[in-house]
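Hi everyone, thanks for coming. Please have a look at the model on the screen, and then I'll walk you through a few spots in it.

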Amino acid sequence: MDIHEHQAKNILATFGVPIPAGHLAFSPEQAAYNCRRLGGGSCVVKAQVHSGGRGEAGGVKLCKDEQDVREFATRLLGTALVTRQSGAGGKPVHRLWVEAVTDIAREIYLGFVLDRKSERIMIVASGHGGMEIEELAESDPDSLVRMVIDPAAGLVEFQARELAFKLDLTGSQIGDFVNTLRACYRAYRDLDAMMVEINPLAITGSGELVALDAKMSFDTNALYRRPDILGLRDTGQEDSREATAADNGLAYVGLDGDIGCIINGAGLAMATMDMIKLAGGEPANFLDIGGGASPERVVTAFRVVMTDPNVRVILVNIFAGINRCDWIAEGVVQAYRTLDLKLPVVVRLSGTNVAEGRQIIETSGLPLVSADTLADAATAAFKASSQQGKGG
């Protein structure tokens, strides 16, 4: 789960990371008032969206006074900001962060991520901040410094000092950097974060360190024990399909195709999407219905898939172990009738109670397409999708 910049900054500040003074605004009038609270002169106004590249997309502006802030806020609020990371539809702008101007002498990139290869938290840093990590890795890979943290010892001070030296920090900057680094690590560790990024971490003209931008992402599976973090969720920034699925306890990722997928198990879901591509089709989603799915849960999965208007056919692929094929079949039949489906539905069942499941499908009297193998199911789904596209 992602959160907004202002939320990440407020969290990091509670752990000891220095941030500029700033205030949240939901209207042009409130933005102008916040500028006045900061002194009434120049201030930075930033669109709060879950996407990088806001500045080059016109979502960040250095405003000279209250009137400039009001005019910029009026133009920006209520629009969709399209960045290189947002997709063609952009991200809706409903809130702004009005921040005091910082005298920047130098910018540093600092990030904490989960390195799956080493199964450790990894620090990634660069003396060239202000750029996205992907750009840094491509344009100046030698500037990136990586450091893995031993989970038993945590981030120890000598490691933080070593990183400060590698970034050419001097004097009091070293101690400030060590404190900032350890504060970020504690926030990552204590809040079940998946990513903490400060970009840029600015060194001011007077030599102080200030986090000018911040991003945090959290482990969705740990949110049940982090209600305060869950309360920061902004569903307006999420894919509406994924938000609906999450609210119903389903693992769902929206894609750009037209073949809706209902599958149990992440590995089988990936294999199914690959097979759909091999057959010539395009999957509309990744959806793992999970183990022990009841007929009611199957209906919910159908309802979630149908929130995507691009779906032309639904492919159900179940390899039942904990699940039971007869439960899935009952759910498919119930969904078809309850939701009054008009789209083709291809069903491939295998595993526990497969004979009973197939019998339910065959005797339902509904136009359901039954397939014996995954290859057959993917081919049938692609054929049905093609016919739908031709008006068939």
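How many nonpolar, polar and charged residues are in the lining of the second largest pocket? By class, there are 9 nonpolar, 7 polar and 11 charged residues. Before I go further, please keep in mind that this is a predicted model.

Let's stay with that second largest pocket for a moment. Its volume is about 600 Å³. In total 27 residues line it, and Lys-46, Val-60, Asn-199, Pro-200 and Asp-213 lie nearest its centre. Strand 2, strand 3, strand 6, strand 7 and strand 10 are the elements that each give two or more residues to this lining. Strand 10 supplies the largest share, 3 residues.

The peptide bond going from Asn-199 to Pro-200 is cis, and its omega is near 10°. Pro-200 sits in strand 10, which covers residues 193–204.

You can find Asp-213 in the loop between strand 11 and strand 12. Is Asp-213 buried or exposed? Its relative accessibility is 15%, and buried means under 20%, so Asp-213 counts as buried. Its side chain makes a polar contact with the side chain of Arg-54, at 3.2 Å.

Next, the largest pocket. About 1,200 Å³ of space lies in there. It has 47 lining residues, and those nearest its centre are Met-1, Asp-2, Ser-217, Thr-220 and Glu-242. Several elements give two or more residues to this lining, among them helix 4, helix 8, strand 9 and strand 13. Which element gives the most? That is strand 12, with 4 residues. By class, this lining has 20 nonpolar, 12 polar and 15 charged residues.

Let's move on to helix 5, residues 157–166. Its buried residues are Gln-159, Ala-160, Leu-163 and Ala-164. Where are they around the axis? They cover an arc of only 140°, so they are on the same side of helix 5. Here is a bit of background that helps: an α-helix has 3.6 residues a turn, so residues three or four places apart point the same way. The cover over the buried residues of helix 5 includes strand 8, strand 9 and helix 6. Just after helix 5 comes Asp-168, which takes a positive phi of about 65°.

Asp-192 has a phi of about 55°, although it is not a glycine. Asp-192 is in the loop between helix 6 and strand 10. Asp-340 also has a positive phi of about 55° without being a glycine. You'll find Asp-340 in the loop between helix 11 and strand 17. How do their surroundings look? Asp-192 is buried, with a relative accessible area of 15%, whereas Asp-340 is partly exposed, at 49% relative accessibility.

Conventions. Residues are numbered from 1 along each chain as its sequence is written. This is a predicted model: local features need pLDDT of at least 70, side-chain atom pairs count only at pLDDT 80 or more; totals for chains, interfaces and linings use all residues. Side-chain values use heavy atoms; hydrogens and water are left out. Buried means under 20% relative accessible area, exposed over 50%, partly exposed in between (1.4 Å probe, protein chains only). The arc is that of the directions from the helix axis to the C-beta atoms. Contact means heavy atoms within 4.5 Å. On a 1 Å grid over the protein atoms alone, a cavity is a set of points where a 1.4 Å probe fits but cannot get out, and a pocket is an open set with protein on both sides within 12 Å along at least five of seven lines; lining residues have an atom within 4 Å of a point. Grid points are joined across faces, edges and corners, and a volume is the space filled by probe spheres set on the points. Ala, Val, Leu, Ile, Met, Phe, Trp, Tyr, Cys and Pro count as nonpolar, Asp, Glu, Lys and Arg as charged, and the others, Gly among them, as polar. A polar contact is a pair of N or O atoms within 3.5 Å; within protein, one must be able to donate a hydrogen and the other to accept it, and residues adjacent in sequence count only if both atoms are side-chain atoms.
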